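User: Could you help me read a protein model? I would like to go through it step by step.

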Amino acid sequence: MRQQSIQLRKQGRFEQSWSEKIDAISGEVTRFDKEGVLACEPDGGDYDIAPDLIVYMSTLLQTLPDLLNNAAAASQDNDSESFELSVSSFNAKLAVTSPGGSVYPLHIDNPQGLTAGDTRKLTCIIYLNPDYQDGDGGELRIISDTRESVALCPDGGRMVLFWSDEIPHEVLPTAPDADASCDSKDRYALTLWIPSDNFQAIHNPRSKFASLGDIAFPNKT
């Protein structure tokens, strides 16, 4: 799937990746570019160039929500009840982070939730870096429910799941000692966001992760 992602890039499907910063006091939204990061939103129209990528993405979206919903229903853990992941809608992004130290700043994927009409609940990341080596950087740093952080290497085939509305995370410098033109050190990642049909699950104050945003961003208020 990495080679098919590279072909999509060669076809001009990628563009500058960007995000938004929200002022906690004024509510003003400011858009900013992610330096050294390009992205596209793969869809059915890309099938001829990236058939494996599109089929994999489709299969995952058809199976993962029900698998997790069923697991939660069978669990005795009250924190995992009724998040009702949707099987009818999703968002997807295929991103490449350039070597030379490119990063993603610390953020939460869905910080505003229902205030902005955003019902994304689950973030699912699949890494497409089969030749990843120690020292290549680009680790995903996540702040966990223990109030500590864990850094996960973007090894090819690794899948990471976390709550879009609660978990602060960032990407550490990608191949900081490599030249930005070193294609073999490009960090590819496919991200899927799955919404919840249960609006009460979005920024649920009873969640054990509810305070992580305040810990990660102590100056936001």
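Analyst: Let us begin with a term: two rings of Phe, Tyr or Trp count as an aromatic pair if their centres lie within 6.5 Å. Please keep in mind that this is a predicted model.

User: How many aromatic pairs does a search of the whole structure find?

Analyst: The search finds two aromatic pairs. In one of them, the ring centres of Phe14 and Tyr188 are 6.4 Å apart and the planes stand at 90°, so this pair is edge-to-face; planes over 60 degrees apart are given that name.

User: Where do Phe14 and Tyr188 lie?

Analyst: Phe14 is in the loop between helix 1 (2-10) and strand 1 (15-22), while Tyr188 belongs to strand 10 (residues 187-195), so the pair ties together parts that are 174 residues apart in sequence. Both Phe14 and Tyr188 are buried.

User: Which residues of helix 1 are buried?

Analyst: They are Arg2, Gln4, Ser5, Ile6 and Leu8. Their cover includes helix 2, strand 3 (91-97) and strand 10. Just after helix 1 comes Gly12, which has a positive phi of about 85°.

User: New topic: is Asp186 buried or exposed?

Analyst: Asp186 has a relative accessible area of 5%, so it is buried, since the limit for that label is under 20%. Asp186 sits in the loop between strand 9 and strand 10.

User: And what does Asp186 touch?

Analyst: Leaving aside residues up to four places away in sequence, Asp186 touches Arg2, Arg9, Val96, Thr97, Ser98, Pro99 and Asn129. One of these, Arg2, is also among the buried residues of helix 1.

User: Which residues touch the most other members of the largest nonpolar core?

Analyst: Leu94, Leu140 and Leu192 do, in a core of 44 residues. Helix 2 (residues 51-74) gives the most to this core, with seven residues. As background, nonpolar side chains in soluble globular proteins tend to be buried together.

User: What does Leu140 touch?

Analyst: Not counting residues up to four places away in sequence, Leu140 touches Ile125, Tyr127, Val150, Ala151, Leu152, Val160, Phe162, His169, Glu170, Val171 and Arg187.

User: Which strands does strand 6 join through bridges?

Analyst: Strand 6 (residues 140-143) is joined to strand 7 (residues 149-152) by four bridges, and to strand 9 (residues 169-174) by three bridges. Strands 6 and 7 run antiparallel, and strands 6 and 9 run antiparallel as well. On the strand 7 side, Ile142 stands opposite Val150, and Ile143 has Ser149 as its bridge partner.

User: What is the order of the strands in that open sheet?

Analyst: The order is 4-9-6-7, with antiparallel pairing among the four strands. Strand 4 (102-107) and strand 7 are the edge strands, each pairing on one side only. From one strand to the next, the twist averages 20°.

User: Finally, which charged residues sit over rings?

Analyst: Two cases can be named. The charged end of Lys34 sits over the ring of Tyr104, 4.1 Å from its centre. Arg120 lies over the face of Trp193, at 5.1 Å from the ring centre.

Terms used:
Residues are numbered from 1 along each chain as its sequence is written. This is a predicted model: local features need pLDDT of at least 70, side-chain atom pairs count only at pLDDT 80 or more; totals for chains, interfaces and linings use all residues. Side-chain values use heavy atoms; hydrogens and water are left out. A nonpolar core is a set of buried Ala, Val, Leu, Ile, Met, Phe, Trp, Tyr and Cys residues joined through side-chain atoms within 4.5 Å. Buried means under 20% relative accessible area, exposed over 50%, partly exposed in between (1.4 Å probe, protein chains only). Helices (H or I, at least four residues) and strands (E, at least two) are DSSP runs, numbered from the N terminus. Contact means heavy atoms within 4.5 Å. Two strands pair if DSSP finds at least two bridges between them. Rings of Phe, Tyr and Trp (its six-membered ring) pair if their centres lie within 6.5 Å; planes under 30 degrees apart count as stacked, over 60 as edge-to-face and the rest as tilted. A charge sits over a ring if NZ of Lys or CZ of Arg is within 6 Å of the ring centre and within 35 degrees of the ring normal. Axes are lines fitted to C-alpha atoms, for helices over the stretch in contact, and angles run from 0 to 180 degrees between N-to-C directions.
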